[in-house]
Amino acid sequence: MNKEGFAQEILSRLQEVLPQGRDFIALHEPSFEGSEWEKVKTCLDSGWVSYAGEYVKEFDGALAAYCGVKHAICVNSGTSALHIALMLAGVRDGDEVLVPALTFVASANAISYLGAVPHFIDSDEKTLGISPEKLESYLGDIADSNEKGECVNKNTGRRIATIVPVHVFGHPCDMDKIGRVAGDYNIDVVTDSAESLGSLYKGKQAGSFGKLAILSFNGNKTITTGGGGAILTDDDELAEQARHITTVAKTKHPWKFMHDRVGYNYRMPNLNAALGCAQLERMDHFVAQKRTLADKYEEKFVDMEGLSFFKEPEFAKSNYWLNALLLDEGNEDALENILETTNENGIMTRPAWDLMNTLPMYADCPSMDLERSEALAKRLLNIPSSAFLAKTE
Ligand SMILES: *Cc1c(COP(=O)(O)O)cnc(C)c1O
């Protein structure tokens, strides 16, 4: 089949899965079919729209319970959450932090906010996340340890404090293996679970792994608070610090303004938390719908040559946040045509992110060979994934 024919075939199969009669189908849109209006109205009626209010506490509690962690601290974005999580994990100016090259830019940005340097790691074709095998052999080559037993990059002399596994498109990466390698080298794990609320790794929430983890509730994520994120941890002390730092480090006093360190104004407003509480009530429904949509795509593309539908790794139950088609090797040339044909016909599709090491501000950062990420980035295509698209009518 020529490139045009191939792109047309993909378009028509997508059209067969997706609801008819819409001019445009976005990659991911929110649904507000639960108590969203009612809860947001409660904020407006009571005047509690800002940084204090019952929904903030309620959302923290509900998130922690849902994720199976002791503490959740909701904040104003996933990026803020990662900034503070990395700070609390002890990342300092001049450190290196291991992070996949195949991720959204926020994962690397949060590292930079602390004056640390992102150090790019290759990915695995089965999970789209960090390859534990490549990580292990790479650390075997470059890692040294200092007098405190901390991991140091032989080539740069910088401490490698932390690793940030990312559950790409919601699919859990192999946390046991990554955690074991990190542990062997005394490297802390901070999980970027921004895309994977509702995804299970060996039966546990993908955001429940690591010293700390983060979530995002941006408008395009599985559930949204408009903008928002959360820090997750089982550590009481870290949770208390997270709460303190994200509320301008204000100490408790009935009227005085006292602050005991440089804090951040990162707390989630009550208005957004109200939306979050309503959305989280619908979480099981959203995951079920998204998995139904993924099943439909899989069925529709199973017999098509030249590509495959990307399926969750065998140890995972994924939220299928963003569904993806993976072009066969040798078929990369077809990507541009498919993007054009689908987008011109009102079905939004996107390639994977440009790899972090190709962005101007990260071009000089340390990196292992990124052969697999480079190959994956040329072959991945995200297709519409909103939960409500699973409806048949
Ligand atoms: C969305 C996302 C973030 C950042 O979340 P925001 O809420 O948009 O700041 C971080 N990492 C990954 C992998 C994401 O997809």
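Here is a friendly walk through the charged pairs, cysteines and a surface patch of this structure.

The model is predicted, so local features need pLDDT of at least 70 and side-chain atom pairs count only at pLDDT 80 or more, while totals for chains, interfaces and linings use all residues. Residues are numbered from 1 along each chain as its sequence is written, and side-chain values use heavy atoms, with hydrogens and water left out.

Let us begin with the charged pairs. Side chains of opposite charge can pair when their charged atoms come close. A salt bridge here is a side-chain nitrogen of Lys or Arg within 4 Å of a carboxyl oxygen of Asp or Glu, and the whole structure holds 24 salt bridges.

One of them joins Lys391 to Glu33, with the closest N and O atoms 3.3 Å apart. This pair links distant parts of the chain, 358 residues apart: Lys391 sits in the segment after strand E16 (380-383), and Glu33 in the loop between helix H1 (3-17) and helix H2 (36-46). Helices (H or I, at least four residues) and strands (E, at least two) are DSSP runs, numbered from the N terminus. Lys391 is partly exposed, at 32% relative accessible area, and Glu33 is partly exposed too, at 44%. In these terms, buried means under 20% relative accessible area, exposed over 50%, and partly exposed in between (1.4 Å probe, protein chains only).

Now look at Arg159 and Asp95, whose side chains meet in a salt bridge of 2.7 Å, N to O. They lie 64 residues apart, with Arg159 in the loop between strands E5 (151-153) and E6 (160-163) and Asp95 in the loop between helix H4 (78-88) and strand E2 (96-100). Both Arg159 and Asp95 are buried. Elsewhere, Glu9, Arg13 and Asp303 are linked in a network of salt bridges.

Next come the cysteines. A disulfide is a pair of cysteine sulfur atoms within 2.5 Å, and a search of the whole structure finds zero of them. For Cys74, the nearest cysteine sulfur is that of Cys277, 8.1 Å away. Cys74 is buried, with a relative accessible area of 0%, and Cys277 is buried as well, at 4%.

Glu329 is exposed, because its relative accessible area is 65%.
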